[in-house]
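Subject: Structure handover

Hello,

Here is the structure you are taking over. Please open it first, then read the notes below it.

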Amino acid sequence: MSALPTPPVPLEPPAFALVVAMDQQRGIGRDGDLAWRLPEDLKWFRAVTVGAGGQSVIMGRKTWDSIPDRFRPLPERENWVLTRQPEYAVPSGVRRAASLDQALAHCEGPRFVIGGGSLYAEALQHPSCTRIYLTVVEGSFDCDTFLAEFGPDWQHSAEFGSGEHEGIRYRFEQWDRVVPAADACT
């Protein structure tokens, strides 16, 4: 891949998007970490979630814990950590919420759910989740965490490029929630 593609303009609240990479078995991670190392995917993730600024990333506690200390909090984004543990301490400047709805109610600007598996499953069912930025990683990587099925109300709407790194092929896609015609007029 020569140049990283430019992501589209992010959604405005109340809508929010998922940013996720999965293999061909829908695997998204192994042992609390990524199952592959794709520098271009990390650059894409940053480009999407930083955008023009003022954006929020929402993640589960285990995802937060899996980010190396030197990268926490993710810079240039408001970081939200979801946990039901009221005593769980987060650093200054990082926000904590007990639920996805609580975080969404307090985020300003574009919002992105970035993991983990159970939070992705909840977000895919949430009526305000209207977009998925998906990196499809070709192959199977012996993952132990998987992305839930999207369902028929999601459609592939754009592709932003593809590449290969150390024999691993991948592509960047966008999926949008389809609003049924009967609901579009309400």
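A residue is called buried when its relative accessible area is under 20%, exposed when it is over 50%, and partly exposed in between (1.4 Å probe, protein chains only). Helices (H or I, at least four residues) and strands (E, at least two) are DSSP runs, numbered from the N terminus. This is a predicted model, in which local features need pLDDT of at least 70 and side-chain atom pairs count only at pLDDT 80 or more, while totals for chains, interfaces and linings use all residues. Residues are numbered from 1 along each chain as its sequence is written, and side-chain values use heavy atoms, with hydrogens and water left out.

Strand β10

Strand β10 spans residues 168-177, and eight of its ten residues are buried. Two strands pair if DSSP finds at least two bridges between them. On that basis β10 pairs with β7 (residues 129-137) in the antiparallel sense, over seven bridges. Across this pairing, Val137 stands opposite Tyr170 and Val136 opposite Arg171. Strand β9 (residues 154-165) also runs antiparallel to β10, joined by ten bridges, with Gln155 opposite Asp176. Two residues lie between the strands in the hairpin of β9 and β10, where Glu166 takes a positive phi near 50 degrees.

The sheet

These strands belong to an open sheet of eight, in the order β5-β4-β3-β6-β1-β7-β10-β9, with mixed pairing. β5 (95-97) and β9 are at the edges with a single partner strand each, so one side of each has no neighbour in the sheet.

Helix α1

Helix α1 (residues 39-50) has twelve residues. Its buried residues are Glu40, Asp41, Trp44, Phe45, Val48, Thr49 and Val50. Contact means heavy atoms within 4.5 Å, and what covers these buried residues includes β1 (16-23), β3 (56-60), β7 and β10. Just after α1, Gly51 takes a positive phi of about 50 degrees.

The cores

A nonpolar core is a set of buried Ala, Val, Leu, Ile, Met, Phe, Trp, Tyr and Cys residues joined through side-chain atoms within 4.5 Å. The largest one has 29 residues, and those with the most contacts inside it are Trp36, Met59, Phe112 and Ile114. β1, α1, β3, β7 and β10 each supply at least two residues of this core. A second, separate core has 26 residues, including Leu18, Met22, Val113 and Leu124.

Regards

Methods: Expected span 1.5 Å × (residues − 1).
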